[in-house]
Amino acid sequence: MMKRRAVHFGAGNIGRGFIGLLLHQAGYEVVFADVVPALVEQLQTARSYRVITLDETVDEAEVTGFRAVLLDSTACRSEIATADLVTTAVGLGNLSGVAAVIADGLRLRKVQGNETPLNVLACENAVRATSTLKEAVLARVDDDLRDWIEAHVGFADVAVDRIAPNREGYATHPLDAVVERFFEWDIEQTALRGDLAIPGATLVQQLDPYLERKLFILNGAHATAAYAGYKQGIRTILEAMQAPGIAALVERVQHEAAAGLAHRYPSLDLSGLNAYAKDVRDRFLNPHIHDDVARVGRDPMRKLSLGDRLVGPLRLAQAAGIETPGLLQAIALGFHYTNPQDEGAVRIQQMIQSSGIEAAVRTVTGLTDPHLCGAIATAYRAM
Ligand SMILES: NC(=O)C1=CN([C@@H]2O[C@H](COP(=O)(O)OP(=O)(O)OC[C@H]3O[C@@H](n4cnc5c(N)ncnc54)[C@H](O)[C@@H]3O)[C@@H](O)[C@H]2O)C=CC1
Ligand SMILES: O=P(O)(O)OC[C@H]1O[C@](O)(CO)[C@@H](O)[C@@H]1O
């Protein structure tokens, strides 16, 4: 039997350390597509790479039999025309470049008469990133191809959870990836075409509770630790979680988010959410992982936007009538993230300088409620 083939866009930390690994273990031949020529060349010449688990016992898994192509290449488009699965982990802001190539690949697939079901999963930290990718693909095709795509291609939203920090200090070979032991990959079954079975991934009927639980309780808390840590001159999440006050703030943020989620989703109960939150804090305290606050806090323009990990739970909690001092403080700390190496942080600081904190809060968060914007600005000024 022919091996099934997956094209995975973005051969970075999570691409190699989680998605590529699980697809390899599921029996797929993985074709990585990336924009960095040197990385593509390394993947083309390597026979294998290691995924190193950072835990009390350090173990390694090997990924073999992969190939690699450059994003904007004829080869990449041909791979999409014949693949069984397409996945991405490129960063939300980079999905439009991927969409253009997927649209071309699907055009070719239709011309070749390949009507085998294909599924596309965008494994980005965001609410319904696959739906965003689908819209961007459909915006690039004519009505005929649009109907064909609707009939043969499933765009399923997903939630992906595994901390894959930067490799410095752990990995020896340039392709090695490092990860925590925990992982969860939830895929919305209703959007799939044909069968999809990836051992380790879970097919769920309703994704939103899983997705928002992960984005708000894990990523929101992680961003809180990163921004609070940065403000105190701390370099890693572990050190931040051990600094006075930060762990308590992280826990408060999680409890506010949990209360908002329990109110919004009847399938999520508060005690289960708080137990999940505690497990997340224990993951942040893994002494074998040294995760830079700059990686976790990267791109505050995105992280402080309306539906994302901090303003998203703030709105849920507010809608449930819950007090949110923790989330307001966490968001204010995001506006204090002045890292000169981070383009988004620099833009926010320019906005604050030119228009003031309240205007910056309105622009970046998309919030329109003057009380909430004012409360964030007050918390910002008090720091
Ligand atoms: N690292 C982690 O622990 C997790 C990351 N994610 C999500 O996965 C995505 C990637 O994150 P990381 O792997 O940490 O980042 P990364 O920076 O390590 O890897 C991203 C890779 O995508 C490539 N890339 C950028 N634009 C591209 C494009 N248009 N086409 C093809 N490749 C492109 C980059 O060259 C890089 O190799 C993000 O959306 C992130 O939120 C989700 C869960 C866990
Ligand atoms: O990848 P993003 O969205 O920039 O945010 C970093 C976050 O994503 C993760 O890398 C994976 O969820 C977390 O470790 C961290 O909270």
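The shell around ligand 2 divides into two nonpolar, three polar and two charged residues; Ala, Val, Leu, Ile, Met, Phe, Trp, Tyr, Cys and Pro count as nonpolar, Asp, Glu, Lys and Arg as charged, and the others, Gly among them, as polar. This is a predicted model, in which local features need pLDDT of at least 70, side-chain atom pairs count only at pLDDT 80 or more, and totals for chains, interfaces and linings use all residues. Residues are numbered from 1 along each chain as its sequence is written, while chains are lettered from A and ligands numbered from 1 in the order in which they are written.

**Ligand 2**
- Surrounding ligand 2 are Asn 125, Ile 163, Asn 219, His 222, Val 296, Arg 298 and Asp 299 (C-beta atom, placed from the backbone, within 6 Å).

**Sheet**
- Six strands form an open sheet with parallel pairing, in the order E5-E2-E1-E6-E7-E8 (strands are DSSP runs of E, at least two residues, numbered from the N terminus; a pair needs at least two DSSP bridges).
- Strand E5 (67-70) and strand E8 (153-155) are the edge strands, each pairing on one side only.
- From one strand to the next, the twist averages 20 degrees (axes are lines fitted to C-alpha atoms, for helices over the stretch in contact, and angles run from 0 to 180 degrees between N-to-C directions).
- Strand E1 (residues 5-9) runs parallel to strand E6 (residues 85-88) and is joined to E6 by four bridges.
- Phe 9 has Thr 88 in E6 as its bridge partner.

**Annotated domain**
- The unreviewed UniProt entry annotates residues 207-383 as "domain: Mannitol dehydrogenase C-terminal"; such annotations may be inferred rather than shown by experiment, and positions follow the numbering used here, with feature names shortened.
- Residues 207-383 are 71% helix and 0% strand, with the end C-alpha atoms 37 Å apart (helices are DSSP runs of H or I, at least four residues).
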